[in-house]
Amino acid sequence: MLVFVLRRLLQAVIVMVVVAFIAFLLFQYVGDPVVFLLGQDAKPDQIRQLRADLGLDQPFFVQFWHFLLNAAQGEFGLSLRQGAKVSRLIGERLPATLELSLVAALLALLVGLPMGVYAALRRGTVGSQAVMALSLLGVSLPTFLIGILLILVFSVWLGWLPSFGRGEVVNLGWWSTGLLTRDGWSHLVLPTVTLAVFQLTLIMRLVRAEMLEVLRTDYIKFARARGLSDRAIHFGHALRNTMVPVITITGLQLGSLIAFAIITETVFQWPGMGLLFIQAVTYADIPVMAAYLCLIALIFVTINLVVDLLYFAVDPRLRVSTTGGH
């Protein structure tokens, strides 16, 4: 187990170094930060002085080493557009994105898992076919269109829910949350549903397919021959063995929710990291773009490591294989 964890940590470090190198290249080949900071009318002496102060006159790999050290401490310099520290801007936007993504992931899991089990156990019924038709619709519609339709129906026509913003939030130290206020929940509903629809349908279809595959295996037939109840077979044996691929997809999709919440945050003007990244791309704010890239890579690497460790808790065959058993 220890060797497995150390190997995964080494792989994670290598991935993060590669991502940091790609982010560092943004500073080298996407615009000149000195020109952004001083403007087009800057004098040559001012440009040389600022380059020396920022360390841009040093060799390439020396600059990259300093970038790695600063990135490990969460420092990416100043935003070229807002003039504030990038770490502070990310810290202000991170709670909104994590809140939206985690609630969407929880919604997708709590709804998609039972729907997938129902579609597998009631295969061929009208209800199962209706669930599969809805899942096909959820997979086919693009996220921005789902968001616009929800705004049209629930905000414009019915007037039940707000169409943009985060609403009232409560500050708990440096963390801000809208989960403790009614206004925050009302603002969270539409973007959460928009972000969760695709993940929900993906989980549902995966659970159904895996459940049907497991129900055809020999040990399920043996369990029926032993006289076990349908409940014990379906939930004690079949569903448990279905959870390994579900954990994989759910874990990786959580990283996708955080990384690709950009569209949802743009549609609903949700003040998260996705909206900050879109604004950074618009104004070529390289430090913010680099920080976002490194942070998303760190989230994916962390989630992937956690998913690998969860395998050992769910699938005992992996523990046997790592100890040399047969």
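**Close-up views of a predicted model**

View 1. With 28% relative accessibility, Glu 75 counts as partly exposed, a class lying between buried (under 20% relative accessible area) and exposed (over 50%), using a 1.4 Å probe and protein chains only. Lys 85, at 41%, counts as partly exposed too. Their side chains meet in a salt bridge, 3.4 Å from N to O; the term requires a side-chain nitrogen of Lys or Arg within 4 Å of a carboxyl oxygen of Asp or Glu. This is a predicted model, where local features need pLDDT of at least 70 and side-chain atom pairs pLDDT 80 or more, while totals for chains, interfaces and linings use all residues. Residues are numbered from 1 along each chain as its sequence is written, and side-chain values use heavy atoms, without hydrogens or water.

View 2. Helices are DSSP runs (H or I, at least four residues), numbered from the N terminus. Both Asp 45 and Arg 48 are exposed.

**View 3. Glu 213 with Arg 216.** This salt bridge has its closest N and O atoms 3.1 Å apart. Glu 213 is partly exposed at 46% relative accessibility, and Arg 216 is partly exposed at 48%.

**View 4. Gln 63 in helix 4 (residues 60-72).** At 11% relative accessibility, Gln 63 counts as buried. Leaving aside residues up to four places away in sequence, Gln 63 touches Phe 24, Gln 28, Gly 55, Leu 56 and Gln 58, contact meaning heavy atoms within 4.5 Å.

Note on methods. Helices (H or I, at least four residues) and strands (E, at least two) are DSSP runs, numbered from the N terminus.
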